[in-house]
Structure formats: C-alpha cells, structure tokens
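Hi,

Here is the structure I promised to pass on.

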Amino acid sequence: MDAPVIDLLQLYPRDMNIYGDWGNVLVLRKRLQLRGYDVRLHEYNPGDTFPDQVDLIVGGGGQDSGQNKIQADLLQLGGRLRELADDGVPMLAICGLYQLFGNFFKTHTGEVIKGIGLLDIDTVGGPKRLIGNTVLESEEFGTVIGYENHSGQTYLKGGTQPLGTITKGEGNNGQDSTEGARYRNVVASYLHGSLLPKNPAVADFLGRHAALRRHGSFDDAPLEIPFEEQAREDAAARPR
Amino acid sequence: MRHLLATLAGKAVKTVAKLRGGGSALPGLVAEKIDPNFLPRTLGNLPQGVVVISGTNGKTTTTKMVVELLQGQGLKVFTNRTGSNFTRGVVAAVLGETTIGGKLDADVAVLELDEAHAVHFVKLVAPRYCLLLNVMRDQLDRFGEIETTAGFLRQIAAATTEAVVLNREDPRIAALAESVTAERVHYFGLAPQLRAMFPNDDDMRSGGAGDASGLPAADVVLAACEGASATFTVGSRDIDAELKLTGVYNIYNAAAALALARTVVGADVDEDALLDSLEAVTPAFGRGESLTVNGKPLDLVLVKNPAGFRLALRSFPPAGFSTMIAINDNYADGRDMSWLWDVDFDSLAAAGVAEVSGVRANDMALRLFYEDVPVRHVDTDLSASLHRFIALEPDAPKRIYCTYTAMLALRRELGKLTEVEVVS
Ligand SMILES: [Zn+2]
C-alpha cells in the first residue's frame with residue numbers, strides 16, 4: 001500500500017524566509033516521514049497558483065522589503081487562508097506572517113499595512129527591537145523555547161488566546177506577558193530558533209491535525225530524536 | 001596644547017592597558033574624550049587620505065590584501081591591525097603610531113570598519129575611497145535587519161569624496177551607486193559561471209544569484225577559480241594568479257582588493273608588482289588559517305552567518321578530510337542560532353562529521369540530524385572535543401568550521417600542542 005500523503009505548503013519562501021524558517025518545514029517533513037507519511041512539499045510565491053490540496057501551511061518572517069513584496073498577494077489570498085483555517089487546516093505563522101495574519105500593522109510613521117484578519121490581533125511598530133532568547137509556558141505545549149527579534153508590538157483582541165505566557169523575554173508587546181496567538185489549529189508566534197526543532201510538541205500538534213484531517217488517524221507514538229532534549233535545555237539556559 | 005595632552009594621555013593609558021593585558025579600545029576612549037578632533041586632524045592630513053573597507057563578510061582578509069597591495073606599490077600604509085575595528089580601536093591604533101607631536105607617518109590609512117561603527121567614523125573623517133563588500137545576514141540580533149545594515153553602508157558611500165568601489169553582484173551593494181556623491185563608482189564582479197557559487201540571502205531558497213543582465217561593467221572580474229589558482233579579468237586583460245588563499249569567497253575578495261588598490265594608485269599602477277603582492281598575501285589571523293598538527297594540515301574556517309557558512313561548505317569539498325564543527329553563541333558570535341537552519345549541510349552527509357562542539361553543540365547536532373548527516377561525537381567542551389578529534393584520526397587532514405569565539409578558544413588550545421606550527 002502506498003504511504004498516506006500529506007501536502008505541506010510553504011508560504012512565500014522567496015521573500016519570507018529568514019531566521020531559519022526553513023527549519024520548521026524540514027522538521028515537519030522529517031517527523032511525518034518518520035511516522036510513515038509521504039510528504040509533498042509545495043512552495044507558494046506571489047503570483048503562483050495555490051494548490052487545490054493543502055494539509056499543512058508554514059510561513060515565516062522576512063525583512064521589511066520582503067513584506068512589501070508579498071503584501072498585495074497575501075491580501076488576495078486572505079479569503080482562501082481564512083476558509084482553510086476555519087476548516088481546521090493547521091498552520092504555523094512566524095514573525096512577519098504572524099503580523100500579517102492579523103488585522104493590521106501600523107508602522108512607526110503611521111502607515112497602516114492591512115493584514116488578512118485571520119487572527120484578531122493588532123500590531124503597531126514599537127520604538128525598539130525586542131531581541132533575545134525567549135521562554136514561555138503554554139498549557140497545550142508545555143515550555144516553549146525560541147528566539148525573538150521584532151519591533152512590532154502585537155495586541156490580542158477579543159477572545160484571542162496567546163500561545164503562552166512569557167517567563168523569559170518580551171513576547172507580543174513587552175507589556176502583557178503574552179507570546180504568540182492561537183486560533184483553531186493555527187499557531188502563530190514571534191519565535192524563531194527555528195521554533196519546531198526545539199519544540200516537538202508544537203511540531204506534532206501541527207502534524208497530527210494535518211493527518212487527522214486528511215486521513216482520519218495519526219500514530220501518536222513519540223519519536224526518539226537525538227540531541228532534542230539537550231538542545232532545549234541549552235537554549236533555555238542561555239543569556240537573553 | 002590640548003592635542004599634545006590627548007596624545008600623551010592616550011599613550012600612557014595604552015601602556016597601562018598593555019601591561020594589564022586589557023582591550024585595545026580603552027586608550028582610544030581616553031584620547032577621544034580629551035580631544036574629539038584627534039582623528040580628523042591626524043588622519044585628515046595624510047597625502048593619499050583615508051580608505052574605509054566595510055561589509056558583512058571578509059573585511060579582515062580584504063583589508064590585509066589591500067594593505068599589502070598598496071605597500072607593494074611603495075606606499076606607506078597605516079591600518080588598524082589590532083582587530084578592534086571600532087572607532088575607538090582606530091584611535092588607539094593611530095595613537096600607537098603617532099609621534100609625540102601628533103603626526104602619523106603614513107601616506108594612506110586603510111581601515112576595516114564594522115558597518116555600524118563606520119557610520120560614526122565617517123562623520124568624523126570623510127574617507128577619500130571606500131570599498132563595500134556585501135551585506136548579508138549577520139548579527140541581526142544587534143542590528144535588527146539587513147536593510148538597516150544597508151542603510152549604514154549607504155551613509156559610508158555618501159560620505160566618500162573621491163571614489164567608491166562596489167560589489168556589483170550583491171543587489172543591495174550595487175544599489176548604493178545611487179547614493180554616491182563622489183565622482184567615480186567602480187565595481188568588482190564575477191563571471192556568469194561563478195555566480196551560482198555566491199548565493200545571497202534573497203536567493204536562500206532559489207539557490208544562486210539570478211539574472212545577470214544589466215549589470216554595470218566591472219574593473220576587475222573573477223573569471224575562474226580552482227583551488228588557489230585564479231584568473232582575474234582586469235580591463236581587457238586576463239591575469240592568472242597562484243594565491244596563498246583558498247576558498248572562493250577569499251579569492252573573490254582578492255578581486256575587490258585589486259579593484260580598490262588600482263583605484264587608489266590610479267594611472268601609475270605597477271601591474272607586475274600588484275600581481276606579486278597579491279600572490280604573497282596570506283589569510284588574516286583568525287579568518288581561516290592552515291596549521292600543521294602531527295604533520296597533517298588542520299584548517300580553521302571561520303563561519304558566522306548562513307551565507308558565509310554555505311560559501312565555506314561549497315569552497316572546501318569534504319572528501320579526504322575529517323570535519324569538526326564548533327558553534328558558540330557568545331555575544332561576539334551572535335546569540336541567535338536560527339541561522340544554522342538556513343545552511344545546507346548536504347555536502348557533509350557522505351563523510352559525516354567527526355566532532356560537533358561548542359556551547360550550542362546540541363543545536364548543531366540536532367540540525368545535522370534533520371539533514372541526515374551522521375555525527376560521531378557531540379560535546380559542548382571544546383577542548384575535549386578538539387583533543388579527541390586529533391587523537392582518533394591522527395593521519396587525516398582536518399577541517400574545523402567554527403564561530404568567532406570558538407575559533408579563539410580552539411587556537412589557544414592548539415597553541416598548547418607543541419607540534420603545532422603555523423604555516424600560513
Ligand atoms: Zn522575526
């Protein structure tokens with residue numbers, strides 16, 4: 001019997017792929033492969049045709065110039081992404097795409113960049129960059145470890161839940177101790193690191209929902225990944 | 001009078017700092033505080049002016065090349081050799097070579113400056129020439145964004161009075177031509193077939209620099225490169241050189257150095273002497289060195305950002321070598337480890353990696369696991385790792401990819417082995 005297929009889409013790898021976002025794709029693919037899935041990788045860049053079958057979406061951060069390049073395309077794609085999110089498609093949105101998944105980004109100079117409103121969050125440009133090793137506590141995922149580097153300050157609106165509560169670092173806005181956002185099977189965060197290699201609980205959450213939605217089942221047996229736990233401990237212990 | 005005092009006070013502090021084994025920037029700080037005009041006056045009077053070299057990767061080796069090329073043309077060159085490439089480090093270096101009367105005995109100053117500090121420096125002293133190498137992801141945790149770094153380089157280009165030398169293959173550097181107020185813009189570049197070896201951050205996922213049409217003409221083009229042999233096209237002539245440097249990126253920096261030296265010397269340039277000097281240049285301290293351990297070569301290769309690491313892996317084929325990777329995340333290395341995920345390690349899969357070490361050894365090992373690269377030992381203790389690396393395969397030539405502070409530590413440790421001899 002052929003291995004069950006998972007279609008994994010990387011959003012804007014050309015313009016929004018810096019700070020190790022590729023690592024998130026690599027980890028999702030490898031962990032699903034180790035569990036017997038045939039992972040098909042799709043790249044979506046501005047102007048591309050969005051594939052019909054998508055089980056899992058990963059998007060990353062970028063330079064300001066990268067965000068300008070994708071913005072118009074993303075607004076066009078917004079309706080489709082919202083539908084998929086409402087339908088339970090797991091997504092990981094890091095940093096720049098986290099911001100653009102929200103309602104808007106209001107820059108330093110007062111310019112308002114529209115987001116796709118998939119997440120009920122607002123972002124405003126802050127006076128300084130929030131940079132450094134970051135640790136948070138999440139009810140769903142336990143201790144989440146990463147590295148933040150952003151000047152946008154994000155505020156959760158309505159009932160939007162954070163990914164977790166900051167125990168080291170600044171998080172969404174440096175004020176309310178929240179980090180990231182959750183909606184259905186969407187995980188959004190400022191953390192690079194890359195996020196998934198050192199946070200297998202988040203990686204498996206995304207993989208599980210992709211498999212359940214497409215195939216109705218997911219083998220939960222834990223994977224033995226060497227160096228994973230030690231790398232987590234090292235990262236958590238490093239200075240900010 | 002104030003000037004004499006600044007020089008004397010600076011010199012006194014320099015002596016004390018030396019005795020205490022302290023940093024090279026402290027005396028500069030003292031001189032700068034007492035006499036803020038110290039640098040403009042001392043450097044402003046040099047007959048051939050000031051040359052600034054900046055960019056993310058390759059500054060130190062390129063600066064060393066430019067210095068030796070200009071010396072080969074008979075110029076007396078002042079440079080900031082101490083490795084303290086901040087403004088205060090420059091003041092300190094100048095202090096070390098000025099007379100009590102405050103005169104610097106040189107024809108030209110060639111200064112390596114970190115992007116952010118260069119901005120501060122050019123406000124004090126307008127360079128006559130500048131060479132801008134590249135802008136890549138580096139130390140983003142300090143500067144934030146590549147665009148910010150490009151902005152720093154733009155200010156350097158704008159402050160330069162005579163001529164600006166730019167890397168035409170780096171889109172952010174080539175774009176600086178628009179901000180140049182100096183009369184002349186010169187370029188160095190790559191032949192089309194070499195372009196694929198120099199990915200920039202924008203091409204991270206598409207591999208290799210893209211469309212080359214519409215690039216400006218370059219004074220010096222790296223036309224071919226094989227090991228340490230290189231061909232440069234200078235104007236309409238092809239020049240073959242046997243270098244003491246290896247690694248494509250070092251050799252590309254030689255094209256940059258040639259373009260700059262020719263610009264500074266102008267029509268009087270002695271081409272034969274230029275080639276002789278170029279062939280004699282050895283790598284700068286700590287930027288990739290070849291040592292001999294137990295009669296076998298051991299190369300230290302500095303890696304500090306994804307583009308540099310990817311270039312290094314493409315430059316040095318692993319076959320026949322035993323490989324070690326040492327990753328620290330101290331302040332000078334940059335604390336953010338995400339960059340390790342933007343490097344392709346495929347090329348190491350066949351031979352594997354003998355030792356993974358450094359503060360973030362486990363991160364590096366996890367990275368290699370996800371790329372299916374086999375790893376023999378993982379140990380955060382650099383010294384233990386190094387000794388095992390040497391002991392387990394005594395007969396293999398060795399290569400260590402390391403971040404800056406890991407390189408310093410490994411060098412110290414290698415110095416304790418009496419059989420270590422520096423060959424270049
Ligand atoms: Zn970011």
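Predicted model: local features only at pLDDT ≥ 70, side-chain atom pairs only at ≥ 80, totals over all residues.

C95(A) sits in the loop between strand 4 and helix 3 (96-100) of chain A, while H192(A) is in the loop between strand 12 and helix 4 of chain A, so the pair ties together parts that are 97 residues apart in sequence. Buried or exposed? C95(A) has 7% relative accessibility and H192(A) has 1%, so with the cut-off for buried at under 20%, C95(A) counts as buried and H192(A) does too.

Now the sheet in chain A. It is an open one of 6 strands, in the order 2-1-3-4-12-11 with mixed pairing. The edges are strand 2 (38-44) and strand 11 (181-183) of chain A; each has a single partner strand, so one side of each is left without a neighbour in the sheet. From one strand to the next, the twist averages 15 degrees.

Strand 11 of chain A runs antiparallel to strand 12 (residues 186-189) of chain A, and 3 bridges join them. Within that pair, Y183(A) stands opposite V186(A). Helix 4 (residues 200-215) of chain A packs on the sheet and touches strands 1, 3, 4, 11 and 12 of chain A. Its direction makes about 125 degrees with that of strand 1 of chain A.

One thing from chain B: T61(B), in helix 4 (residues 59-72) of chain B, is buried at 3% relative accessible area. T61(B) and T282(B) are 221 residues apart in sequence, yet 8.4 Å apart in space, C-alpha to C-alpha.

Cheers

Note on methods: Residues numbered from 1 in each chain as written. Chains lettered and ligands numbered in written order. Heavy atoms only, no water. Pairing = 2+ DSSP bridges. Helix = DSSP H or I, 4+ residues; strand = E, 2+ residues; numbered from the N terminus. Axes fitted to C-alpha atoms, helices over the stretch in contact; angles between N-to-C directions. Contact = heavy atoms within 4.5 Å. Buried < 20%, exposed > 50% of the residue type's maximum accessible area, 1.4 Å probe, protein only.
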